[in-house]
Amino acid sequence: MFPAGLAHVRARWVTLPSGLTLRVADAGEAGQPTVLLLHGWGASLYMWRDWYAPLAAAGRRVIAVDLPGHGLSDKPDDPRVYRVEAMVAAVRELLDVDRLTSVDVVAQSMAGAIAIELATEEGSRMNRTVLVNPACFGRVRMQRLARLVSPAFADVVLPRLVARWIVARAHRTVYGDPSRITRRDEDEYWAASQFPSYARAMRRLLHEFRWARPPAGEMVERLRAVEREMLVVLGSQDSLVRDAPSYVSALRAGGAKLEVREVRNGGHAVNEERPDEVVRMVLEYLDRV
């Protein structure tokens, strides 16, 4: 599994003070400005595979993490682990362990809510923030239905339902152009899903994470705590998170400091689907004084 065989990416496991163990992969030189990459629901740090080399070449230290319940990180049964507050605490603990006092963060989908919590808290260590198709800015398609058809007793059968073809089909829904997905991509996502605890963790996230989009006025008030302008990257063919462009427009009209860039024909995982374009946008944003 990624990053096996890549000399420029180093994988490690970090045990947090809370007891959770997370898989982390980093690249670049210590002492360089750090970019923290946070993936969305159901994904893993493999999502950022094409980001390490260009960010490191641009003079950044790059850190990506498998969030709790994902990839090769711990997948506890405790539902409280999958609430926004707990996920934020896990990232904060990771920063503590790595002794990072200032980071730029790029967060996709579900992780957008985590990044906003970190950016708006008192004494925030977030420097610049990039949100890629943030779920908290839109309406998540079929999320209510998924919660209805996944009651607690489904934990018994869910691990048996994560077949390779199901994982591959789900992956195609987050690309604007599914033909970009390779067999290696399918294998990587399928492999991480084969732990029995993975399906249970995804179900708990559906039920415990804060998915509801707050009213625009409420979000504007929260974002006023952020000094620097945030970059929001939206794929024009995002079929999973709906109505994000209109919500972002309302936030900007209300005074939120947001720069918006659109990737035409890009899907929900546009950072993975079109890495060259999105990395270029992000570096242009990070390089500003």
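Two strands are said to pair if DSSP finds at least two bridges between them. The strands (E, at least two residues) and helices (H or I, at least four residues) named below are DSSP runs, numbered from the N terminus. The structure is a predicted model, in which local features need pLDDT of at least 70 and side-chain atom pairs count only at pLDDT 80 or more, while totals for chains, interfaces and linings use all residues. Residues are numbered from 1 along each chain as its sequence is written, and side-chain values use heavy atoms, with hydrogens and water left out.

The account may start with strand β4, which covers residues 61-65. Strand β2 (residues 21-27) pairs with β4 in the antiparallel sense over 4 bridges, and D26 stands opposite I63 in β4. Strand β3 (residues 34-38) runs parallel to β4 and is joined to it by 5 bridges; here A64 of β4 is the bridge partner of L37. Of the 5 residues in β4, 5 are buried (under 20% relative accessible area, with exposed meaning over 50% and partly exposed in between, for a 1.4 Å probe and protein chains only). In a regular strand the side chains alternate between the two faces of the sheet. In β4 both faces are covered: R61, I63 and V65 are buried on one side, and V62 and A64 are buried on the other.

A further pairing involves strands β5 and β6. Strand β5 (residues 103-108) and β6 run parallel and are joined by 5 bridges. V106 has V130 of β6 opposite it. Strand β6 (residues 126-132) is mostly covered, with 6 of its 7 residues buried.

The helices come next. Two packed helices are described by the angle between their axes and the distance between the axes. Axes are lines fitted to C-alpha atoms, for helices over the stretch in contact, and angles run from 0 to 180 degrees between N-to-C directions. Helix α3 (residues 111-120) and α8 have axes that come within 9 Å and cross at roughly 45 degrees. That angle makes α3 oblique to α8, given that angles under 35 degrees count as roughly parallel, over 145 as roughly antiparallel, 65 to 115 as roughly perpendicular and the rest as oblique. I116, E117 and T120 of α3 make the contact (heavy atoms within 4.5 Å) with M219, R222 and L223 of α8. By class, the residues of this contact comprise 3 nonpolar, 1 polar and 2 charged; Ala, Val, Leu, Ile, Met, Phe, Trp, Tyr, Cys and Pro count as nonpolar, Asp, Glu, Lys and Arg as charged, and the others, Gly among them, as polar.

Helix α8 (residues 216-223) also meets helix α9 (residues 244-253), their axes coming within 9 Å and crossing at roughly 55 degrees. The two helices are therefore oblique to each other. On the side of α8 the contact is made by A216, M219, V220 and L223, and on the side of α9 by Y247, A250 and L251. This contact of α8 with α9 has 7 nonpolar residues, no polar and no charged ones.

Some backbone details remain. Most residues other than glycine have a negative phi, and most peptide bonds are trans. The peptide bond from F2 to P3 is cis, with omega near 5 degrees, and P3 lies in the segment before β1 (10-15). S109, in the loop between β5 and α3, has a positive phi near 55 degrees; at 7% relative accessibility, S109 counts as buried. N265 also has a positive phi, near 70 degrees, and belongs to the loop between β10 (258-263) and α10 (270-273). With a relative accessible area of 46%, N265 is partly exposed.
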